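Student: I have a protein chain to look at and would like to go through it step by step. Could you take my questions in turn?

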Amino acid sequence: MSRDDPTLGLTLGGGGAFGAAHVGVLQVLAERGIRPGVATGTSSGALVAAAYAADVDPSAIERAALAFKWRQIAGWSGAPRWGLLDSSVVARSVRRALGTDPLIEELPRRFAAAATDLRTRRLVVIDHGPLSIALRSTIAVPGLIPPVRRHGALLADGGMIDNVPVQATRLLGAERVIVVRLHAKWENVRMMRTVTRTADLMRDPSVLLIQPEMERMAQWTMSDVPRLIAEGRRAAMAALDETDPAVWAPGERTS
């Protein structure tokens, strides 16, 4: 049985309901015995990365994705000063899924969520403390879900700075990184920064870039979750089949 590779990282991008595609990617990695020892993510990518870091079985993650309701991470706020929704329900959802709200540093695998410090406009990598605080921070869309106060910072959705936090994964010790970017053919010139950065990732031999195609799928309802999971599987298999399996497969590098 293959063991986790502490030098192999997994970075999952944000994208609302598109994050269900990450589930299909996890399934393919498990089937091929590829076990990253580090997982990071932004927004919905962080939710899936956290489940992976907590060693939740891919089949259980799939069931959770198929049954997911937005009220599991946010409900209407009684005092909507910072946002219309209240994300405090995340702590209950984490406890329901894992039996506790664990400290990130106690998870079976290394994990970090990417958030944005609204005061400094800098990326914050949350790799310690209560898991629910990290998840609440990375999903806090300004105007919709209120920011989270943590260590003097006001934290919100990491996607405002880095929707695919590869550097966070490297900071946690990953030398090679499997990156899942939730791609869309309709991206235009206004997204040129993202497109340029993606080209850089494609040229990096230490990165395996997986890009599920989101065209004609719903981003803010859960109606396309089965299709999104299937697309994640397709994209992962295609990317792995086009690269040298020895770079990503378990073996000598495991510890």
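Student: Is strand 5 largely enclosed by the rest of the structure or open, and how many of its residues are buried?
Tutor: This is a predicted model, in which local features need pLDDT of at least 70 and side-chain atom pairs count only at pLDDT 80 or more, while totals for chains, interfaces and linings use all residues. Residues are numbered from 1 along each chain as its sequence is written, and side-chain values use heavy atoms, with hydrogens and water left out. Helices (H or I, at least four residues) and strands (E, at least two) are DSSP runs numbered from the N terminus, and buried means under 20% relative accessible area, exposed over 50%, partly exposed in between (1.4 Å probe, protein chains only). Strand 5 is largely enclosed by the rest of the structure, because its buried residues number seven of the eight.

Student: Which strand runs parallel to strand 5, and how many bridges join the two?
Tutor: Two strands pair if DSSP finds at least two bridges between them. The parallel neighbour is strand 2 (residues 36-41), and the number of bridges is four.

Student: How many residues lie between strand 5 and strand 6 in their hairpin?
Tutor: Strand 5 and strand 6 (residues 122-126) run antiparallel and are joined by five bridges. Asp117 has Arg122 in strand 6 as its bridge partner. In the turn, Arg121 has a positive phi of about 60°, and the number of residues between the two strands is four.

Student: Which residue of strand 8 stands opposite Ala115?
Tutor: Strand 8 (residues 153-157) runs antiparallel to strand 5, and three bridges join them. The residue of strand 8 opposite Ala115 is Asp157.

Student: How many salt bridges does the count come to?
Tutor: Side chains of opposite charge can pair when their charged atoms come close. A salt bridge is a side-chain nitrogen of Lys or Arg within 4 Å of a carboxyl oxygen of Asp or Glu. By this rule the count is 11.

Student: How many residues apart in sequence are the parts that Arg233 and Glu31 tie together?
Tutor: The two side chains form a salt bridge, with N to O at 2.8 Å. Arg233 belongs to helix 8 (residues 225-241) and Glu31 to helix 1 (residues 21-31), so the parts tied together have a sequence separation of 202 residues.

Student: Are helix 1 and helix 3 roughly parallel or roughly antiparallel?
Tutor: Axes are lines fitted to C-alpha atoms, for helices over the stretch in contact, and angles run from 0 to 180 degrees between N-to-C directions. The axes of helix 1 and helix 3 come within 9 Å and cross at roughly 165°. Angles under 35 degrees count as roughly parallel, over 145 as roughly antiparallel, 65 to 115 as roughly perpendicular and the rest as oblique. The two helices are therefore roughly antiparallel.

Student: Which residues of helix 3 make the contact with helix 1?
Tutor: Contact means heavy atoms within 4.5 Å. Helix 1 contributes Val23, Leu26, Gln27 and Ala30, and helix 3 contributes Pro58, Ile61, Glu62 and Ala65.

Student: How many residues of helix 5 are buried, and which are they?
Tutor: Helix 5 (residues 131-138) has eight residues and is largely enclosed by the rest of the structure, because six of them are buried. The buried residues are Leu131, Ser132, Ala134, Leu135, Ser137 and Thr138.

Student: Which residues of helix 5 make the contact with helix 2?
Tutor: The axes of helix 2 and helix 5 come within 8 Å and cross at roughly 160°. Helix 2 and helix 5 are therefore roughly antiparallel. On the helix 2 side the contact is made by Ala46, Leu47 and Ala50, and on the helix 5 side by Leu131, Leu135 and Thr138.

Student: What percentage of the residues of the protein chain count as buried?
Tutor: The protein chain has nine helices and 10 strands. Of its 255 residues, the buried share is 51%.
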